[in-house]
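The exercises below ask you to read a protein model residue by residue and then helix by helix. Please work through each task before turning to its solution.

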Amino acid sequence: MPRPFTVLAPMQEVTDLPFWRTLAQCGGGADLAITEYFRVHIHSTLEKHILASILRNPTGRPVIAQLIGQDAGEMRRTAGELLNYEEVAGIDINLGCPAPVVCSKQAGGGLLRDRNKIDDLLGHLREVCGSRWFTVKTRVGFASESEFEELLAVFSRHQIDMLSVHGRTVKERYQTPVHTGAVRRAVEALSCPVVANGNVVDVATGRAYLEKTGAAGLMVGRGAIRNPWIFSQLRQSFAGEEVAEVRKRDLLRYLTLLWEETARARLEFKKDFDPGKHVQKMKRYLNYVVSGLGEDLEYRMKRCREQGELFALLRDHLDNEELMPALPPERSKLFCGFSRLLE
Ligand SMILES: Cc1cc2nc3c(=O)[nH]c(=O)nc-3n(C[C@H](O)[C@H](O)[C@H](O)COP(=O)(O)O)c2cc1C
């Protein structure tokens, strides 16, 4: 891994094979990717479309498979099944998902309430991973940042290869500034590379997060849906090169590619394709992209029902040489609290 390195954050139903294919054509994507999570329980089997994203990984860069679950035996079984594939660079455990249905089963972020259980799971997964990477993605506590010291003590007992820290508690979900002090404490306490995550929306916020924490890398999620070139821009900035600007016409090309790749995957994995339903799927990404590109576009995009109507609207607003705004609006529910990184 270069230093600092970049990681594409795992995002369920977003960071799938078509999204990776699109990123590969828009700046090349991150230095490392983590899959959306494989659910692990007594009846679970490897979800085909997630496995396909690993086996056909178009990025040429390593991919780590993420697991969410709480039963040590089932986690060992699933990790073992995945490690049968040489394309799996390692296994990551999700200690951050805030969804109530996940937390109530003591999985994801819910596990942060039970440090003994985490200790046990990390021991098992470290053993199964052998010489392959074993990584952890965590938040800074369940209800309070003050829990993080004891969590770090648990992490430091295991030879983990990378700790990604989403700098919020589970209760804070996605809408607060990040606790940079906690990420810095992780960097100081652990010998493995620590990756800072949460609220990186452009080069300036990324660099500020690194400066405040001393982290070895940056993980970007929503900022990469909004601007897939964020990884190549960060790499340019780390290398001291001029950072290439993104124009609205680039966004139009990105959205066209994303439509094509997601439609192709739909046909391949589900054997059906309904352009109307696909417009709704595209809105999951578009919400992040159009935020801040004008109220008219945001308003009309939400009402689009057909492919022709959607792309006519996008061409109307994006088929020009204007620069995309450096930052998204902070009022939005989608991006919130990032300006604190710049203080
Ligand atoms: C739509 C969506 C899906 C997510 N799915 C996952 C997931 O499967 N596994 C995980 O560890 N985190 C998941 N996350 C959390 C992100 O990986 C990341 O930690 C969080 O969005 C903060 O980073 P960001 O501000 O760069 O987006 C998800 C986030 C979003 C917005």
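**Exercise 1: two single residues**

Arginine 3 is found in the segment that precedes β1 (5-8), where helices (H or I, at least four residues) and strands (E, at least two) are DSSP runs, numbered from the N terminus. Residues are numbered from 1 along each chain as its sequence is written. The model is predicted, and local features need pLDDT of at least 70, side-chain atom pairs count only at pLDDT 80 or more, while totals for chains, interfaces and linings use all residues.

Task: decide whether arginine 3 is buried or exposed, and do likewise for tyrosine 288.

Solution. Begin with the criterion: a residue is buried if 20 or more other C-beta atoms lie within 10 Å of its own, exposed if 12 or fewer, and partly exposed in between, with C-beta atoms placed from the backbone. Arginine 3 is exposed because it has 8 other C-beta atoms within 10 Å. Tyrosine 288, which lies in helix α12 (residues 275-290), is buried because 20 other C-beta atoms lie within 10 Å. Next, look at the contacts of tyrosine 288: leaving aside neighbours within four places in sequence, it touches Arg222, Ile225, Arg226 and Leu334, where contact requires C-beta atoms, placed from the backbone, within 7 Å.

**Exercise 2: a helix and its cover**

Solution. First, α1 is mostly covered, since seven of its nine residues are buried. Finally, just after α1, glycine 27 adopts a positive phi of about 95°.

**Exercise 3: a pair of packed helices**

Task: describe how α1 and α11 pack, giving the angle and the axis separation, and list the residues that meet.

Solution. Two packed helices are described by the angle between their axes and the distance between the axes. Helix α1 (residues 17-25) packs with helix α11 (residues 248-270) at an angle of about 145°, and their axes are 8 Å apart; axes are lines fitted to C-alpha atoms, for helices over the stretch in contact, and angles run from 0 to 180 degrees between N-to-C directions. From α1, Leu17, Pro18, Arg21, Thr22 and Gln25 meet Tyr254, Leu257, Leu258, Glu261, Thr262, Arg264 and Ala265 of α11. By class, the residues of this contact between α1 and α11 comprise six nonpolar, three polar and three charged, given that Ala, Val, Leu, Ile, Met, Phe, Trp, Tyr, Cys and Pro count as nonpolar, Asp, Glu, Lys and Arg as charged, and the others, Gly among them, as polar.

**Exercise 4: two domains**

Task: state where the domains lie in the chain and how many residues each gives to the contact.

Solution. The domain assignment, whose bounds come from an automatic or database source, gives domain 1 (5-238) and domain 2 (248-318). Their centres, taken over C-alpha atoms, are separated by 28 Å. The contact takes twelve residues from domain 1 and twelve residues from domain 2. On the side of domain 1 that touches domain 2, α1 and α9 (222-226) each supply at least two residues, and the largest share, five residues, comes from α1.

Technical notes
Two residues are in contact if their C-beta atoms, placed from the backbone, lie within 7 Å.
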